[in-house]
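Please look over the sequence and the structure shown here before reading on.

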Amino acid sequence: MTDFAATEVLAAADVRTWVDEVAAKTKPASVRYLTGSDAEYQELVDVMLEAGTIVPVPKRPGSYLARSTKDDVARMEDRTFICSEQEIDAGPTNNWRDPAEMRETLDELFEGAMARRTMYVIPFSMGVVGGPISQLGVEITDSPYVAASMMYMTRVTDEVHTAIESGDFWVKALHSIGVPLAEGEADVAWPSNPNRYITQFPETREIISFGSAYGGNALLAKKCFALRIASAMARDEGWMAEHMLILRMRHESGRTLHITGAFPSACGKTNLAMLQSSMPEWTIETIGDDIAWLRPGKDGRLYAINPEYGFFGVAPGTSVKTNSVAMEMMERDTIFTNVALTEDGDVWWEGMTKEVPENLTNWLGEPHDPSGDAPAAHPNARFTVRAMQCPSIAPDYDDPAGVPIDAIIFGGRRPSLVPLVMQSRSWQHGVFVGSTVSSQQTAAAEGPVGQIRRDPFAMLPFAGYNMGDYFAHWLRMGESLGDKAPKIFNVNWFRRDEEGGFPWPGFSENARVLDWVAKRVSGEVTGVETPIGILPAADELNLDGLEIDRDVLDELISCDVEGWRDEMLGVSEFYEIFGQRLPGELGRELTDVKRRLKEA
Ligand code: SAT
Ligand code: MN
């Protein structure tokens, strides 16, 4: 590849200084400043084809398949560290390391780490450059896979340098796969170093990541910046950085409303954001599928942007039935990671079709054994694609001002107890509900799949500071928004029946739940007060054309008082870990719920 000298790009002086420092330490063969052009993207593709990191997917123009190693397939929460000056500021839910010690460790690891590799410098904007909610960053990486993925996931443009030069704030994001090459040493298809660190320094707003090339560990604009660092910035500056999809509901009458939804990784955010409504009167437009940045606007309402430029979604389970929009979106110009390949040159994953095609090549590049237990695609296999390729993308999803949010939905995978939908009694009660969200673990992170864990606001792995303070920040935001605050709901699409089936059909039928949410926002329906919140009366849910037993439905929208009493014992226990940092308001909400359950 051409060795572009650093001087060819008018990089901001501060960026240049930092790049020079990093290059002096990591000793790459060359430094390549990206400007975001299609030609650069093609160059990265050529480098990866040559190295064997990707193979073409002939059936889908402009699309490629990357196969990682077995040990680099998901976020590694136990290797992720918040390096705040004080341990208490990382809080009880994060791994903490002393920043000075961490820097020393990383300094050693980065010494010569990029030898005989190209170091890419990627200027990116989260949100439109210069937008009132947007932020800038620069990622340095020695992985062409990371560089190419960043070009899909963020706005990579050299305008960032101009903005930095004029004094705009920017975040330093340093990444290396940590595999220097010796002279004459051949590279492997997916180089990575098993000694991994994903570190965030919230006070200095810096990210340093070593060893892994997987999405959430390496595309540093995403979870590391847009959630961990941004949540700390948001606390200090009076805004919010959340693990949320953003969608617009458009009614045939012309009414629109905007909803954000916080769900843990691999719990259907992408599917909900791209929902094909089963109710003909509603159309859903997609604004974001993973991250929302929210700020109060001049009119006192809360406005949200999707800071990203693309989608990094879970492939398995995605099909024409579950998400036809996503299927269409992926027909071209998509980077697939760890999916299977068909004989005739297409991708495949579990759940894409009922029939498993014959003669698949599995995600490891080996012949797939259909009689064995091992899936053909890794359960956390991913697609990476630009947002504007999404057929349901809102025409104005790029509006720097964002959209005014009417409702916030929390949810998780709960096989029992948690009803299909419920509304909180107030913002404060909604913060209580968000703080107690729990969900079965998924393959998106290393760990035991299926175990239920508390995942407050779906931010357990992503809050960049003490979770107790994060709860307090939510309470403060509600106070300042007052009666303009969005209404807060909780949903659960994942109830199971005795046979292990899903009594609620989900997917496009979830429009019926959104319809009830919309009616609660407008005040068209009153719902039923219960000890845990406001549940729909059975006749308030539009079930036209849906076959569901009345008993089954009643079960889905009822409050199991006994079960909730037990649940609150779990919440009390969970709250204990926050000690003094648990806001008093939440303790009082818990006491109130317990009292209501006792009286019920
Ligand atoms: O790998 S990511 O962290 O970007 C996806 C997810 O786990 O939500
Ligand atoms: Mn996510």
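**Domains**

The model described here is a predicted one. The protein is divided into domain 1 (6–53 + 78–237), domain 2 (241–309 + 396–599) and domain 3 (312–386). Between the centres of domain 2 and domain 3, taken over C-alpha atoms, there are 29 Å. Contact between these two domains involves 10 residues of domain 2 and 10 residues of domain 3. On the side of domain 2 that touches domain 3, six residues are nonpolar, three are polar and one is charged.

**Surroundings of ligand 1**

The shell around ligand 1 consists of Arg 75, Gly 215, Gly 216, Lys 222, Lys 223, Ser 265, Phe 312 and Ala 444. Two helices, α7 (215–218) and α8 (221–237), each contribute at least two residues to the shell.

In general, strands of a sheet pair through backbone hydrogen bonds, in either a parallel or an antiparallel manner. Here β12 and β16 (residues 292–296) run antiparallel and are joined by three bridges. Within this pair, Met 240 is found opposite Leu 294 of β16.

**Two residues with positive phi**

Arg 205 has a positive phi although it is a residue other than glycine, and Ala 458 likewise has a positive phi as a residue other than glycine. Arg 205 belongs to the loop between β10 (197–201) and β11 (206–210). The loop that holds Ala 458 lies between β27 (452–454) and α12 (467–481). The table lists the values for these residues.

| Residue | Phi | Other C-beta atoms within 10 Å |
|---|---|---|
| Arg 205 | near 55° | 21 |
| Ala 458 | near 55° | 23 |

Are these residues buried or exposed? A residue counts as buried if 20 or more other C-beta atoms lie within 10 Å of its own. Arg 205 is therefore buried, as its count is 21. Ala 458, with a count of 23, is therefore buried.

Technical notes. Residues are numbered from 1 along each chain as its sequence is written. Chains are lettered from A and ligands numbered from 1 in the order in which they are written. This is a predicted model: local features need pLDDT of at least 70, side-chain atom pairs count only at pLDDT 80 or more; totals for chains, interfaces and linings use all residues. A residue is near a molecule or strand if its C-beta atom, placed from the backbone, lies within 6 Å of it. Helices (H or I, at least four residues) and strands (E, at least two) are DSSP runs, numbered from the N terminus. Two strands pair if DSSP finds at least two bridges between them. A residue is buried if 20 or more other C-beta atoms lie within 10 Å of its own, exposed if 12 or fewer, and partly exposed in between; C-beta atoms are placed from the backbone. Domain bounds come from an automatic or database domain assignment. Two residues are in contact if their C-beta atoms, placed from the backbone, lie within 7 Å. Ala, Val, Leu, Ile, Met, Phe, Trp, Tyr, Cys and Pro count as nonpolar, Asp, Glu, Lys and Arg as charged, and the others, Gly among them, as polar.
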